[in-house]
Amino acid sequence: MGAVIANSTELRHSAMLGLGAYRPRRVVTNEEICEQIDSTDEWIQSRSGIKSRRFAGEDESVLAMSIESGRRALEAAGVSSQQIGTVIVATSTYPVQTPACSALVADALGTGGAGAIDVAAGCAGFCYALGLASDLVRAGSQDYVLVIGVERMSDSTEPTDRSVRFIFGDGAGAVVVGRGEETGIGPVVWGSDGAQGTAIRQEPNWVDFAENPAQQRPWIKMEGTSVFRWAAFEMGKIALQTLDRSGVTMEDLDAFIPHQANARITDVIARSIHLPETVAVSNDIAETGNTSAASIPLAMEEMLRTGKSKAGDTALLLAFGAGLAYAGQVVKMPPLAQA
């Protein structure tokens, strides 16, 4: 017989122990966006709910924003960087493939060599990463995991493209995941619809651009109507599946925090699942725009900061976007880093 391999047989509770956010300094209004696209503030607000967004400056790189949001999450959790066993960064806009952003974040924060993973799942990236972190803690592989959602979407959208430029913004949000006295992160419900993958895409690809640099550089392109229909009418089903798998009823919820893609999509989903009026609904998109993988943690931060929600509240997270990938969890809201 071969050797017996030791492994933990105890499943533990996982929870978000602290949250930190980083919002770039520069506020970009709809009026400024409309200086380069054929649109108006009224049209943008009526179609998306967006009033403004943040664009990162030269010193606010994906790496820099990741480090700062991670530092704030550690502070909120009361956890030292040396206790972090794994860093997971969800992003689609880190500008190099190697080395991974997460490895540089782990080093900059002084973790002493934590495991490092970058996750690319579009706007669902943070919830994907949160699911991975929760399972690492529950299975006993790690005691603490730092999860970061971060994007510089302003680098990925062509400034004169009327269909996408007004939608996106930049920022970062992070949580520390660790053991909880009770379940603080429910099971993740995730999936994808690759048959519609081209609805949100980058074109051309970087290899084609390198071979023919005279053509336009790669930008994000989106079939807005197709994405709206898919998200508005399919994500309600995923929300209900998530509640069912978590054993939570609609009446148990204190907050609903969907990906900040479009205020109209949020309204359609809320109506489709018959969300009670007593449940607070995030609307961070109004001041932040769509920040892709950073959207969910930034929306959590806004709700905690403004008092719409508090630590310990039961919240439904629902993320969806490029892929077309989606993910949902029921969670207990974490403590927020002090400003």
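1. Helix α8 spans residues 263-272, and its buried residues are Ala-263, Ile-265, Thr-266, Val-268, Ile-269 and Ala-270. Buried denotes under 20% relative accessible area, exposed over 50%, and partly exposed the range in between (1.4 Å probe, protein chains only). Helices (H or I, at least four residues) and strands (E, at least two) are DSSP runs numbered from the N terminus.

2. The model is predicted: local features need pLDDT of at least 70, side-chain atom pairs count only at pLDDT 80 or more, and totals for chains, interfaces and linings use all residues. Residues are numbered from 1 along each chain as its sequence is written, and side-chain values use heavy atoms, with hydrogens and water left out.

3. The cover over the buried residues of α8 includes α2 (41-48), α7 (224-246), β11 (255-258), β12 (280-281), α9 (285-288) and β13 (314-321). Just after α8, His-274 has a positive phi of about 55°.

4. An open sheet of five strands runs in the order β8-β14-β13-β11-β12, with mixed pairing; two strands pair if DSSP finds at least two bridges between them. The edge strands, β8 (189-192) and β12, each pair on one side only. Between β11 and β13 the pairing is parallel, over four bridges, and Pro-258 has Leu-318 in β13 as its bridge partner.

5. Two helices pack on this sheet. Helix α7 touches β8, β13 and β14 (325-332), its direction making about 140° with that of β13. Helix α10 (residues 295-306) touches β11, β12 and β13, at about 145° to the direction of β11. Contact means heavy atoms within 4.5 Å; axes are lines fitted to C-alpha atoms, for helices over the stretch in contact, and angles run from 0 to 180 degrees between N-to-C directions.

6. The structure holds three aromatic pairs. Rings of Phe, Tyr and Trp (its six-membered ring) pair if their centres lie within 6.5 Å; planes under 30 degrees apart count as stacked, over 60 as edge-to-face and the rest as tilted. The Tyr-128 and Trp-190 pair is tilted, because the planes stand at 35°, with the centres 4.6 Å apart. Tyr-128 belongs to helix α5 (residues 125-138) and Trp-190 to strand β8, so this pair ties together parts 62 residues apart in sequence. Tyr-128 is buried at 16% relative accessibility, whereas Trp-190 is partly exposed at 39%.
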